[in-house]
Amino acid sequence: MPRILGVWVHAWDVADVGAETIAEELSRLGFTHVSMCVRYVEERQCWPGPNILFRNPRRLTYTSEESPFYWPVSEERYSKLPPPLRPRTSREYSGDVVGEFIEAVRARGLKAILWLPLLRFEAAVREDPSLAAVDVWGSVADYKRLFLCPSRKEVRNFIAVVVEDLLSRYEFDELELDYIRYPRPPVTYAYPKAVLSMLACLCPHCVARAEAAGIDTRELIRRLRAYGEEVRELINKVATYPLPSDADFTTSLLHDLMRILAEDPLVVRWLEFRASLIEEVVTLIRDKVKELNPKVTLSADLYPPSASWLVGQDYRRLGKLLDRVKTMLYTRQFGASPSRIPYEVALGLKQLRGCGADLIVGVGSWPPATVGDVVSDAEAALRAGAHGIYLYSYGWTPKAVLHEAAKLLSGSLRGVSHE
Ligand SMILES: [Zn+2]
């Protein structure tokens with residue numbers, strides 16, 4: 001059974017702190033795996049939280065660029081892609097941060113993982129809105145996060161070329177896919193029935209493919225719209241909302257959603273169809289890895305298994321293609337219940353059974369998580385059978401928390417009591 005203690009690092013910390021300094025520190029702390037984003041998205045760093053980069057000597061605060069690539073991409077390789085899908089090299093970190101990272105981390109005996117966000121690409125969608133994953137009304141199904149539609153041929157070509165570029169340019173240990181999913185409706189005070197009506201993707205390409213797969217798309221569109229319309233009509237008459245504190249009302253709404261899904265095979269068939277499109281994209285990547293460097297481990301960051309169906313990620317399908325699944329179960333930062341950790345781990349392991357993929361749990365180690373929170377979340381995951389722990393993230397975690405938690409966890413991962 002693999003024993004993994006990993007951490008996510010961002011390219012700006014690698015560049016500003018120094019790849020060798022970070023690699024030496026992480027190796028000394030007992031980490032075994034380090035994932036660096038090789039492409040990223042615009043994001044306020046350390047949010048939600050104090051917005052402080054704890055380890056960066058050059059910056060205290062940072063909002064990352066939109067869709068930058070952290071290696072020197074050659075324009076030639078991408079010249080056949082439509083212009084909106086061509087890579088943008090980082091303006092702020094234009095050197096070969098990926099190459100420096102791999103060399104330094106491997107020199108310390110750590111596994112070098114290239115963490116690659118894929119279907120989220122704001123700049124491309126803004127330049128060509130027809131590339132977007134959209135809901136049944138044609139709206140982008142997330143807020144400020146723009147996702148590409150996974151059924152588009154151009155999008156698949158983009159993914160294939162990026163993966164080919166990394167595999168042929170670098171020797172590394174693992175490719176970690178991120179944002180390999182549909183957007184999730186960013187609703188608050190959500191009626192689950194209305195959320196169902198807001199799922200992507202129903203762009204003309206997806207509708208044509210669903211029709212070809214035997215789905216009655218006219219009826220599907222009618223039903224999905226009706227679920228949303230029903231909620232709108234109710235709230236217009238009687239304004240009533242499921243508040244997070246109102247477990248009774250929320251549970252009854254979820255029971256109603258259970259009934260809908262149990263009685264509506266058409267919607268269920270469509271949910272499976274959209275998961276099959278994500279499966280196709282991961283198959284394409286898996287085939288590239290097998291062809292170009294079969295020694296590279298293939299992993300993906302997936303939604304927690306209880307909710308992964310909402311974003312088209314089916315552990316049973318993807319577990320057959322991936323060597324490793326990572327799921328983020330962050331608690332304190334989002335007011336989420338630590339009780340979910342053993343449940344999600346057991347559910348994930350059950351769905352991955354027979355697939356051979358490991359399950360790694362991502363623990364949030366940034367404020368307000370204390371060392372005690374980090375260790376207790378990690379140990380709950382390990383007791384439930386997780387094959388390893390990853391911390392998010394190097395730059396967001398106060399030094400004392402990173403060091404203390406790593407010491408305690410590397411002990412428990414080795415089976416040594418830290419009492
Ligand atoms: Zn689509």
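Residues are numbered from 1 along each chain as its sequence is written, and side-chain values use heavy atoms, with hydrogens and water left out. Because the model is predicted, local features need pLDDT of at least 70 and side-chain atom pairs count only at pLDDT 80 or more, while totals for chains, interfaces and linings use all residues.

**Exercise 1. Helices H5 and H10**

Task: Determine how helix H5 and helix H10 are oriented and which residues form their contact.

Solution. 
Step 1. Two packed helices are described by the angle between their axes and the distance between the axes. Helices (H or I, at least four residues) and strands (E, at least two) are DSSP runs, numbered from the N terminus. Axes are lines fitted to C-alpha atoms, for helices over the stretch in contact, and angles run from 0 to 180 degrees between N-to-C directions.

Step 2. H5 covers residues 153–169 and H10 covers residues 265–292; their axes lie 10 Å apart at an angle of about 30°.

Step 3. Angles under 35 degrees count as roughly parallel, over 145 as roughly antiparallel, 65 to 115 as roughly perpendicular and the rest as oblique. H5 and H10 are therefore roughly parallel to each other.

Step 4. Contact means heavy atoms within 4.5 Å. On H5 the contact is made by Arg-156, Ile-159, Ala-160, Val-163, Glu-164 and Leu-167, and on H10 by Leu-277, Glu-280, Val-281, Leu-284, Ile-285, Lys-288, Val-289 and Leu-292.

Step 5. Ala, Val, Leu, Ile, Met, Phe, Trp, Tyr, Cys and Pro count as nonpolar, Asp, Glu, Lys and Arg as charged, and the others, Gly among them, as polar. The contact of H5 with H10 accordingly holds ten nonpolar, no polar and four charged residues.

**Exercise 2. Helices H7 and H10**

Task: Classify the orientation of H7 and H10 and describe their contact.

Solution. 
Step 1. The axes of H7 (residues 204–212) and H10 come within 11 Å and cross at roughly 105°.

Step 2. H7 and H10 are therefore roughly perpendicular to each other.

Step 3. Cys-206, Arg-209 and Ala-210 of H7 meet Phe-273, Leu-277 and Glu-280 of H10. These residues divide into four nonpolar, no polar and two charged.

**Exercise 3. Aromatic rings**

Task: Classify the ring pairs Trp-12 with Tyr-62 and Phe-121 with Phe-158, and state whether their members are buried or exposed.

Solution. 
Step 1. A pair of aromatic rings is described by the distance of the centres and the angle of the planes. Rings of Phe, Tyr and Trp (its six-membered ring) pair if their centres lie within 6.5 Å; planes under 30 degrees apart count as stacked, over 60 as edge-to-face and the rest as tilted. The structure holds 18 aromatic pairs.

Step 2. The centres of Trp-12 and Tyr-62 are 5.0 Å apart and the planes stand at 65°, so this pair is edge-to-face. It links distant parts of the chain, 50 residues apart: Trp-12 is in helix H1 (residues 11–17), and Tyr-62 is in the loop between strand E2 (33–37) and strand E3 (68–69).

Step 3. Buried means under 20% relative accessible area, exposed over 50%, partly exposed in between (1.4 Å probe, protein chains only). Trp-12, at 0%, is buried, and Tyr-62, at 3%, is buried.

Step 4. For Phe-121 and Phe-158 the centres are 5.4 Å apart and the planes are at 45°, so the pair is tilted. Phe-121 lies in the loop between strand E5 (111–117) and helix H4 (122–127), and Phe-158 lies in H5, 37 residues apart. Phe-121 is buried at 0%, and Phe-158 is buried at 0%.

Step 5. Ring pairs also join residues into a cluster, which includes Trp-8, Trp-12, Tyr-40, Tyr-62 and Tyr-70.

**Exercise 4. Backbone exceptions**

Task: Identify where the backbone has cis peptide bonds and a positive phi in residues other than glycine.

Solution. 
Step 1. Most residues other than glycine have a negative phi, and most peptide bonds are trans.

Step 2. The bond from Trp-47 to Pro-48 is cis, with omega near 0°; Pro-48 lies in the loop between E2 and E3. The bond from Ala-200 to Cys-201 is cis, with omega near 10°; Cys-201 lies in the loop between helix H6 (192–196) and H7.

Step 3. Asn-51 has a positive phi of about 60°, and Ser-67 has a phi near 55°. Asn-51 is in the loop between E2 and E3, where Ser-67 is also found. Asn-51 counts as buried at 17%, and Ser-67 is buried at 0%.
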